[in-house]
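This report describes selected features of one protein structure. Please examine the sequence and the model shown below before reading on.

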Amino acid sequence: MTAFYRRAGDVLHPTELTRGPWDAGAQHAGPPSALLGSALERDGWVVGRITVEVLRPIPLAPLTVTAEVVRPGRNVELAQAALRAADGGAEIARATAWRLRRDEDPVVVPEDPPPPGPEQGAVRPFFPTGEPVGYHTAMDYRFVAGAFVEPGPATVWMRMRQPLVEGEPTSPLARVLVAADSGNGVSCALDFHRFLFINTELTVHLTREPAGEWVCLDAVTRPGTLGVGLAEAVLSDETARLGRSAQTLLVRAR
């Protein structure tokens, strides 16, 4: 397998690399989020905020993506995209994004430095999924602090091992979204043998596009007390901080 998806016309066929850790028949939400984000990009514009709503488990089945502008503007636009089963089924996920026209004479201010780089991180094992191939084998991980199997905050660099769509370039925004959806997984606060902590959405704020292939998540998860949790992460590339992600979590005993 050379990519997360293979394209046949307007239909995107997921490979086993999209498989998530909770259900062998469902995708990790990172790659579908990247598909939606890619559909919302526009030359000369920057996505400042994108929210992905996961409406139901995303099956390992062919998908289609459509996008439209909801609120046009000269400098600011609101766009939305929808992910559907290719057989004409119900909407599976949707995303809305505020995109802003690039400034030809931008304000330049110092940015917060990134955490220690991936070369200073360590490879740590993914928690057992029961599957030999999936999202967990499709990504590189370098932990500066924490680990998958150690409850608590974590700082980890992540990198895609292959493109999002076979034969097509992967955009910087897509690289961020594929990684950012792992915030709750890398900083799990509960024992994954006993609890589920599944995100219902992903919201990412960015001040710029990332540079390079590595994306860092400085992440923390707060399970809450009513079965509703929150995972947050500061996002960086190897040059500086670039934004923040957040996920609302459904927390349940297995």
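The structure is a predicted model. Its largest nonpolar core contains 57 residues, of which Phe4, Ile50, Leu164, Val204 and Leu235 touch the most other members. Helix H3, spanning residues 172-180, supplies the largest share of this core, with 7 residues.

Apart from residues up to four places away in sequence, Leu235 touches Val176, Ala180, Val204, Leu206, Cys216, Leu217, Arg241, Leu242, Gly243, Arg244 and Ser245.

## Aromatic pairs

How many aromatic pairs does the structure hold? There are 4 of them. In one, the ring centres of Phe126 and Phe148 lie 4.5 Å apart; the pair counts as tilted because the planes meet at 50°, which falls between the limits of 30 and 60 degrees. This pair connects distant parts of the chain, since its members are 22 residues apart. Phe126 belongs to the loop between strand E6 (91-101) and helix H2 (135-138), while Phe148 belongs to the loop between strand E7 (139-147) and strand E8 (150-160).

Phe148 also pairs with Tyr141 in an edge-to-face arrangement, with 4.9 Å from centre to centre and 85° between the planes. Both partners are covered: Phe148 is buried because its relative accessible area is 2%, and Tyr141 counts as buried because its relative accessibility is 7%. The cut-off for this label is under 20%. Ring pairs join Phe126, Tyr141, Phe143 and Phe148 into a cluster.

Thr18 is located in the loop between strand E2 (11-14) and helix H1 (30-39). Is this residue, Thr18, buried or exposed? Thr18 is buried, because its relative accessible area is 0%. A polar atom of the Thr18 side chain lies 2.9 Å from the backbone oxygen of Thr15.

When neighbours within four places in sequence are set aside, Thr18 is in contact with Phe4, Tyr5, Ala26, Gln27, His28, Pro31, Leu60 and Tyr135.

## Helix H1

Methods:
Residues numbered from 1 in each chain as written. Predicted model: local features only at pLDDT ≥ 70, side-chain atom pairs only at ≥ 80, totals over all residues. Heavy atoms only, no water. Helix = DSSP H or I, 4+ residues; strand = E, 2+ residues; numbered from the N terminus. Buried < 20%, exposed > 50% of the residue type's maximum accessible area, 1.4 Å probe, protein only. Polar contact = N/O pair within 3.5 Å; in protein donor to acceptor, adjacent residues only side chain to side chain. Contact = heavy atoms within 4.5 Å. Core = buried A, V, L, I, M, F, W, Y, C linked by side-chain atoms within 4.5 Å. Phe/Tyr/Trp six-rings, centres within 6.5 Å; stacked < 30°, edge-to-face > 60°.
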